[in-house]
Amino acid sequence: MYQLCLNELTPAQFLAEYWQKKPLLIKAGFRNFIDPISPDELAGLAGEEEIESRIVSNKNAVWDMETGPFEDFSHLGEDGWTLLVQAVDHWHPQSAALIEPFRFIPNWRIDDLMVSFSTAGGGVGPHLDQYDVFIIQGQGKRHWRVGMPDSSLKQICPHPRLLQVSPFIDCINVITEPGDILYIPPGCPHDGISLDPSLNYSVGFRAPAQKDLLTGLADHLIDQDITGQRFTDPERQVPASVGAISEQDLNQVQALLRQLVDDKAFAAEWFGSYISHAKHELDTTEPDPHYEADEIAEYLEEGSVLAKLGGLRTLYYQAGPAEDIQLFINGDRFLVPANELKTVKMLTDQVSLAVEDCQHFAADHGRLQLITVLINKGYWYFTE
């Protein structure tokens, strides 16, 4: 397990002083860092159809971008290119462990782990993102420049699918070495150029836009066949103009929309289902045939241990200590009794269930039924 060292900062101090405020270099954030994946393994993942990957190159000042899967890299030469693979945590458990030290941020905010391999001179150019990211330096060294948000920056498109920004003033200018970590808030321009063959690990965070939230809300209403209340106007007066939308009408429409999301129970059900759904494909394998609950009980009582599927989003919401708990797993919603918060936290806060944890599930019929469903969905699996 990787241990995060914030040096003189505590997680609370980091959140208060840096989170979404200013970038930070954390020297030796992971001491004695060992790469969890090799460049060859990363190239192997980039060859899979279901895994999102791309290559960005800069040859003779000409930018190019290709999308995977990739079978051959020989045409790229020895320098000036970067391979980027999304959601590596879904497919490579050893790499997924890099996310765990950042769990002082809630599960629903964490997106995925992107891993990149760059040859000397490789990079994606100066750009900015609309989400927070921790970039961990693996093997090799990289020259990073990071700036503060600047409204005067211009967008540049050196390639139809590649968005960069104009030159910026840096507040961090550093060569990162294995184990160094850069924290970059949304809107901060940054540019990293590899000095030699290097690996970088980017822990990204989800920041849904209003458009995304409204789209997710609309999808939920359609999927659940929820019509909601209709517009009514029993106090309607004769208008001065039949073509006008009155202030009263507009206010009522806004109130109708607000009423939907102001219903806390509805909002929790919709948002939990929406935000727990994985953005990238999961490596889910359902057991065939499905297990029966008594089979699961026998395995658990014999000392089996369980691991959570990589990239699985597990969240919960409880309105109050006496209220049932809504457990959300990859868009699925489970109602759990209020007194089972310990059980729910095991499923949301842990990446594995040790022997004593498993026996906790075997000791109660309701818990056993729940873990059986989750195992049969491929969300949790027995480890050797």
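In this predicted model, helix α7 (residues 293-301) packs with helix α10 (residues 365-376) at an angle of about 100°. Their axes lie 9 Å apart. Angles of 65 to 115 degrees count as roughly perpendicular, and α7 and α10 are therefore roughly perpendicular to each other. From α7, the contact draws on A293, I296, A297 and L300. These meet L368, Q369, I371, T372 and I375 of α10. By class, seven residues in the contact of α7 with α10 are nonpolar and two are polar. No charged residue takes part in this contact.

The sheet was examined next. Eight strands form an open sheet, with antiparallel pairing. Their order is β1-β11-β6-β13-β5-β4-β2-β3. Strands β1 (24-26) and β3 (62-67) stand at the edges. Each has a single partner strand, so one side of each is left without a neighbour in the sheet. On average, neighbouring strands of this sheet are turned by 20° against each other, direction ignored.

Within this sheet, β4 and β5 were considered as a pair. Strand β4 covers residues 81-85 and strand β5 covers residues 110-118. The two run antiparallel and are joined by four bridges. L84 has S116 in β5 as its bridge partner.

A helix also packs on the sheet: α2, residues 39-46.

Definitions and conventions:
Residues numbered from 1 in each chain as written. Predicted model: local features only at pLDDT ≥ 70, side-chain atom pairs only at ≥ 80, totals over all residues. Heavy atoms only, no water. Pairing = 2+ DSSP bridges. Axes fitted to C-alpha atoms, helices over the stretch in contact; angles between N-to-C directions. Contact = heavy atoms within 4.5 Å. Parallel < 35°, antiparallel > 145°, perpendicular 65-115°, else oblique. Nonpolar A, V, L, I, M, F, W, Y, C, P; charged D, E, K, R; others polar.
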